[in-house]
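This briefing is organised by topic and is meant to be read alongside the coordinates. Each group of points follows one part of the structure.

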Amino acid sequence: MLKALQLEPEKCTGCLQCEMACSFENEGVFNPSKSRIKVFNFHDEGRFAPYTCSQCAEAWCMHACPVEAIVINPKTGAKDVLESVCVGCKVCTIACPFGTVNYNADTGKVAKCDLCGGDPACASACPTGAITYVDAEHTGLERMRAHAAQSIPKA
Amino acid sequence: MAWQRKLLRVDLTAGTCRAEPLNMEWALKYIGQRGLATKYLCEEIDPKVDALSPGNKMIMATGPLTGTMAATGGRYSVITKSPFTGAIACSNSGGFIGAEMKAAGWDMVIFEGKSPKPVYLLLENDNAQLLSAEGLWGKSVWETDDIIHTTHQDPLLRVACVGRSAEEGCLYAGVVNDKHRAAGRSGVGTVMASKNLKAVAIRGTLGVGGVRDFKAFMNAAAVGKKVLKDNAVTGIGLPTMGTQVLMNVINEVGAMPTRNMREVQFEGAAKISAEAMHEPRESDGKPNLVTNAACFGCTIACGRISTIDPQHYTISNKPEYRGASGGLEYEAAWALGCDTGVDDLDALTYANFLCNEDGFDPISFGSTVAAAMELFDIGAITTKDTGGIEMRFGSAEALTKAAELVATGVGFGKDLGLGSKRLTAKYGHPDLSMTVKGQEFPAYDPRGIQGMGLTYATSNRGACHLRSYTVSSEIMGVPVKTDPLSTEGKPELVKAFQDATAAVDSTGLCVFTTFAWTLADIAPQVDAACEGGWTPETMLEAGERIWNLERQFNLDAGLTAADDTLPKRLLKDAAKTGPAKGQVNRLHEMLPQYYEIRGWTADGRPTADTLKRLDV
């Protein structure tokens with residue numbers, strides 16, 4: 001079963017544990033600036049929203065890459081960057097409509113979410129359940145449940 | 001070790017920035033943040049120095065766990081000599097700038113001297129520059145934050161700065177970071193402004209590595225997070241209600257300082273409580289509270305994000321205040337509300353916004369307004385002194401007008417900006433100042449919670465709840481329940497809380513974790529992160545060392561045992577209502593014993609043996 005990250009902004013408190021977990025998993029240090037998931041603080045609205053790659057089926061980054069450095073991971077369905085192939089041309093960062101592929105100047109390569117190979121560190125680290133890793137074909141299940149609950153007769 | 005092992009020394013007089021290795025020998029004795037920066041301050045300044053002169057220094061310091069994945073590991077402190085109390089000042093703040101400083105490669109920044117012109121520090125990893133702040137001087141915290149982001153076209157910069165109150169000499173101005181988190185107490189912002197330093201803007205992309213044992217650290221951090229989640233206070237109470245969960249509780253036990261501490265219960269408490277913040281209002285059907293919010297790395301998330309009723313008199317003509325911002329925490333709600341007798345939730349939220357917008361401590365501000373209201377009540381000041389404001393207890397209009405005046409330092413705001421000690425002395429009634437060492441009390445009346453009397457009297461930074469929060473034991477039963485009306489065992493309790501808190505404040509963690517954590521939960525995280533073989537025992541000893549070092553600074557600055565006291569009102573005038581009815585604070589039953597168990601002389605000086613034992 002293919003799984004996907006489900007992001008629920010209404011549960012996010014903006015603590016950045018996800019960003020630290022992501023950078024620790026991928027870079028070996030606690031470094032939000034290198035995180036592939038970002039939490040945005042909409043100050044005047046008093047809202048927080050985590051955002052990362054949604055692993056598009058027809059991934060624009062993958063199609064744009066001139067050296068085929070972005071490939072589908074058959075186990076997770078994630079679009080993985082092959083660092084050994086990536087030449088750092090950044091075309092994928094332009095192609096992605098959502099801004100979730102970014103260049104890392106330290107490595108000269110691009111970096112994006114790869115679902116940590118099937119056990120995303122951000123989801124494990126999130127203390128409020130704002131980031132969960134669920135059945136990719138039923139990311140709407142909880143919302144459906146909430147609406148279904150409204151339709152049942154009141155006791 | 002989860003240190004960057006590097007500090008930045010900024011000589012504002014000369015306009016230079018240079019890197020220095022962190023003194024790791026001291027780090028092994030004083031942990032970091034509060035403890036380590038206090039050590040630097042004690043070594044580098046004369047305790048008798050005029051706090052607002054170039055001879056004073058201001059240190060922004062992180063702890064070893066700041067910027068790591070430990071729950072709440074985002075704290076930083078500002079350490080300096082206070083112009084408000086003449087004692088050591090150490091104000092702790094959350095938000096995000098502490099972790100950003102650490103991620104930029106710095107454990108600490110020491111500011112010394114005074115810039116000839118207004119400047120701000122831009123710190124991007126190794127690149128430190130002092131830039132002209134002439135365009136920022138005269139701007140609020142919120143404007144300064146926005147302008148710096150726009151100027152550098154970098155939304156990820158974190159900014160700490162002072163507002164107009166600090167520039168105008170308000171003695172309880174703080175340093176505000178991330179728009180509404182603050183190193184708020186004791187006038188640390190006043191010191192910053194006195195150095196012509198408007199702001200510090202930081203961007204760090206290096207991250208925090210160097211953890212001694214990553215595997216052990218991640219395990220210890222995960223265990224700690226579970227303890228926080230499973231605890232009723234840190235898992236449910238604080239995220240849902242914030243610190244405001246205390247409003248009704250403290251009122252019921254009769255320890256709610258009301259109308260400048262004339263009374264101990266406030267009839268309007270329910271109207272300004274956490275529960276009230278959740279109630280939809282009539283005008284737009286929205287509650288005051290928008291959401292809870294976390295500081296960096298915090299899995300508790302007690303922060304309040306609020307809006308003001310758009311139809312409220314304070315902002316009906318000011319659309320710029322209609323957005324969400326930092327809402328009422330318990331101490332602010334108490335000082336702005338109960339202590340002034342104002343029960344208008346929106347007026348308090350507005351006053352709180354102004355405290356953030358222009359960087360002044362809501363506790364000292366609210367209590368100073370309360371003192372002014374009592375002066376007005378007894379006829380010691382009139383509308384001639386206040387510039388026409390009817391300073392009556394319970395007047396929301398007086399409160400919000402006062403906040404506007406202190407924010408910009410005009411008119412009666414100049415008097416109010418001096419704090420209640422100087423205000424009441426000026427108008428001939430010094431007994432009406434509810435302060436210790438010149439700093440105003442927080443929201444726990446020591447007639448109803450005896451241990452807090454000793455806490456306030458002996459706090460190294462003047463009256464404060466964050467130096468030993470014995471409310472935890474006396475009211476909430478954490479870690480053990482003690483009788484709030486008894487003085488029995490309180491000297492030991494206060495000492496234990498003071499030492500443990502000094503240790504926690506030196507780690508980079510938030511003291512609110514200690515509703516669930518003890519040093520037995522914290523030491524494994526520090527130990528896995530750092531060399532030094534940290535155990536609960538060695539941390540407690542470091543805490544005691546820090547406490548004695550702070551005490552020694554204060555004694556050298558000229559404070560004496562005579563300053564370890566409470567206002568007459570709390571020692572002589574009995575509580576009028578509630579469970580503590582008939583009680584005064586019995587400080588005299590606790591203080592001599594406290595000195596003794598501290599290993600201090602009868603006049604409150606650490607003995608040579610004590611200093612030697614602790615290797616201070």
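In this predicted model, helix α11(B) meets helix α13(B) through B:Glu331, B:Ala332, B:Trp334, B:Ala335 and B:Leu336 on the α11(B) side, and through B:Pro362, B:Ile363, B:Phe365, B:Gly366 and B:Ser367 on the α13(B) side. Sorted by class, the residues of this contact comprise seven nonpolar, two polar and one charged.

**Packing of α11(B) and α13(B)**

- The axes of α11 (residues 330-338) and α13 (residues 362-377), both of chain B, come within 7 Å and cross at roughly 15 degrees.
- Because angles under 35 degrees count as roughly parallel, α11(B) and α13(B) are described as roughly parallel to each other, and the crossing of α11(B) and α13(B) is left-handed.

**Packing of α18(B) and α24(B)**

- Helix α18 (residues 450-458) and helix α24 (residues 587-598) of chain B have axes that come within 10 Å and cross at roughly 55 degrees.
- The helices α18(B) and α24(B) are therefore oblique to each other, and their crossing is right-handed.
- From α18(B), the residues in contact are B:Gln450, B:Gly453, B:Leu454, B:Ala457 and B:Thr458, and they meet B:Leu587, B:Met590, B:Leu591 and B:Tyr594 in α24(B).
- By class, the contact of α18(B) with α24(B) is made up of six nonpolar and three polar residues, with no charged residue.

**Chain A and its interface with chain B**

- Chain A contains five helices and eight strands, which follow one another along the sequence in the pattern β-α-β-β-α-β-β-α-β-β-α-β-α.
- The C-alpha trace of chain A spans about 60 × 30 × 25 Å along its principal axes.
- The contact between the chains takes 23 residues from chain A and 36 residues from chain B.
- Between them, chain A and chain B bury about 2,100 Å², and 62% of this area lies on carbon and sulfur atoms.
- On the chain A side, A:Gln17, A:Phe30 and A:His43 supply 30% of the area that chain A buries against chain B, more than any other three residues.

**Salt bridges**

- Over all chains, a search of the whole structure finds 50 salt bridges, whereas the count between chain A and chain B is zero.
- One salt bridge is formed by B:Arg34 with B:Glu550, whose closest N and O atoms are 2.8 Å apart.
- This pair links distant parts of the chain, since B:Arg34 lies in helix α2 (residues 33-44) of chain B and B:Glu550 lies in helix α22 (residues 536-557) of chain B, 516 residues apart.

**Backbone features in loops of chain B**

- Most residues other than glycine have a negative phi, and most peptide bonds are trans.
- B:Asn125, a residue other than glycine, has a positive phi, near 50 degrees, and is found in the loop between β7 (119-124) and β8 (127-132) of chain B.
- The peptide bond that joins B:Val478 and B:Pro479 is cis, with omega about 0 degrees, and B:Pro479 is found in the loop between α19 (471-474) and α20 (490-504) of chain B.

Key: Residues are numbered from 1 along each chain as its sequence is written. Chains are lettered from A and ligands numbered from 1 in the order in which they are written. This is a predicted model: local features need pLDDT of at least 70, side-chain atom pairs count only at pLDDT 80 or more; totals for chains, interfaces and linings use all residues. Side-chain values use heavy atoms; hydrogens and water are left out. Axes are lines fitted to C-alpha atoms, for helices over the stretch in contact, and angles run from 0 to 180 degrees between N-to-C directions. Helices (H or I, at least four residues) and strands (E, at least two) are DSSP runs, numbered from the N terminus. Angles under 35 degrees count as roughly parallel, over 145 as roughly antiparallel, 65 to 115 as roughly perpendicular and the rest as oblique. A crossing is left-handed if the near helix is turned anticlockwise from the far one by less than a right angle, and right-handed if clockwise. Contact means heavy atoms within 4.5 Å. Ala, Val, Leu, Ile, Met, Phe, Trp, Tyr, Cys and Pro count as nonpolar, Asp, Glu, Lys and Arg as charged, and the others, Gly among them, as polar. Buried area is the accessible area (1.4 Å probe) that two parts lose on being put together, summed over both. A salt bridge is a side-chain nitrogen of Lys or Arg within 4 Å of a carboxyl oxygen of Asp or Glu.
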